[in-house]
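Q: Can you walk me through the charged pairs in this one? I have the files open.

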Amino acid sequence: MSASVLFDAPGPKAKFRNRIYSVVGTVAVLGLIAWVVLRLNEKGEFDGALWDIFNYSGIRENIFDALLATLKAFALAGVLSLAFAVVLCVGRLSDHRPIRWLSVIFIDLFRSIPLLITIFALWVGILGDMTPLWALVLGLTIYNGCVQAEVLRAGINAVPKGQKEAAYALGLSKTQVMTTILFPQAVRSMLPTIISQLVVTLKDTSLGFMILYPELLYSARLIANNTPVNGNYPYVQTVTVFGVIYISLCLALSSLATWIEKRGRRTKTGIVVAAAAEPAEAPGVLDAATPLGPSVAAEPAPTAPAAPADAGADGPEDDPKGPVGKSN
């Protein structure tokens with residue numbers, strides 16, 4: 001029986017109890033769902049006419065435009081919040097005390113203020129006239145940038161200090177250490193948390209309906225309040241359809257985070273050993289009597305043949321093409 005650090009492995013009786021609890025819990029959840037479905041059916045919420053409103057081309061176009069507006073606000077807020085988080089994180093870890101304390105105060109202040117108040121203050125003109133889009137984007141950027149900055153700081157502090165000390169010992173500057181050593185490892189280790197906060201950013205775009213930004217929740221409110229069917233307003237149907245849209249967007253973003261994390265784990269590390277190859281020639285066998293070093297003594301260089309004694313008087317003239325030229 002294996003034991004964990006936090007708790008002991010369950011025994012036979014504990015496993016039996018866990019199975020009973022799982023069955024009871026599943027039956028309770030299914031019963032609750034069945035009760036909700038029956039209640040909605042009694043009130044006529046499954047009437048086809050109430051659901052048929054989503055087949056109208058005008059309502060479909062409204063939903064599509066609201067979806068694009070939501071994705072636009074999320075894309076801008078997501079990119080800007082990550083960039084702003086890097087700036088705040090660098091200031092939070094700065095060696096200069098005024099910059100560090102200013103970053104700490106800014107982060108703690110806007111993490112404490114409700115996001116809706118920040119968005120509404122920007123919309124009413126605290127920083128000048130703003131469109132609903134930019135009031136929503138800047139509010140999301142400020143709040144989520146503060147949260148992401150703390151996430152990055154936690155990732156940087158989790159990197160072993162020996163790596164930073166070794167980088168400084170090699171003569172790297174602080175900027176080089178942050179950009180090449182600390183930040184890449186911090187982003188990789190904290191990637192699930194970063195993506196989770198981006199999911200929160202996507203859901204927080206629904207606060208735009210308070211400042212009349214035409215996102216999904218604003219569109220759902222218009223459809224539910226302005227499309228009566230036989231005297232009934234399709235609140236349940238609208239909440240169901242738009243809830244499915246929100247859930248699909250969040251699941252798609254979570255799936256992207258899971259894919260990125262698995263892809264990062266598949267990175268190849270280490271040295272690949274080359275395959276052994278056959279030798280070009282069979283190695284020779286050393287003889288015990290053979291001395292170490294060259295096996296064959298160097299042969300003396302050939303010497304030129306001596307000229308005859310009487311070659312200068314009676315012999316023929318030396319051939320200039322011969323190995324030795326004519327001597328004077």
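Q: Fine. What sort of model is it, and what goes into the values?

A: It is a predicted model, in which local features need pLDDT of at least 70 and side-chain atom pairs count only at pLDDT 80 or more, while totals for chains, interfaces and linings use all residues. Residues are numbered from 1 along each chain as its sequence is written, and side-chain values use heavy atoms, with hydrogens and water left out.

Q: How many salt bridges does the structure hold?

A: The structure holds 4. A salt bridge here is a side-chain nitrogen of Lys or Arg within 4 Å of a carboxyl oxygen of Asp or Glu.

Q: Start with Glu150. Which helix is it in?

A: Glu150 sits in helix 6, residues 132–158. Helices are DSSP runs of H or I with at least four residues, numbered from the N terminus.

Q: Is Glu150 buried or exposed?

A: Glu150 is buried, at a relative accessible area of 16%. Buried means under 20% relative accessible area, exposed means over 50%, and partly exposed is in between, using a 1.4 Å probe and protein chains only.

Q: What does Glu150 touch?

A: Leaving out residues up to four places away in sequence, Glu150 touches Arg92, Ile107 and Arg111. Contact means heavy atoms within 4.5 Å.

Q: Which of those forms a salt bridge with Glu150?

A: Arg92 does, with the closest N and O atoms 3.8 Å apart. Arg92 lies in helix 3 (residues 57–92) and Glu150 in helix 6, so the pair ties together parts that are 58 residues apart in sequence. Arg92 itself is partly exposed, at 21%.

Q: And Arg153, how far is it from Glu150?

A: Arg153 forms a salt bridge with Glu150, and the closest N and O atoms are 2.9 Å apart. Both residues lie in helix 6, 3 residues apart, which is about one turn of the helix. Through shared partners, salt bridges join Arg92, Glu150 and Arg153 into one network.

Q: Changing topic: what about Lys174?

A: Lys174 forms a salt bridge with Asp95, at 3.2 Å between the closest N and O atoms. Lys174 is in helix 8 (residues 174–189) and Asp95 in the loop between helix 3 and helix 4 (97–112), so this pair ties together parts that are 79 residues apart in sequence.

Notes
Helix = DSSP H or I, 4+ residues; strand = E, 2+ residues; numbered from the N terminus.
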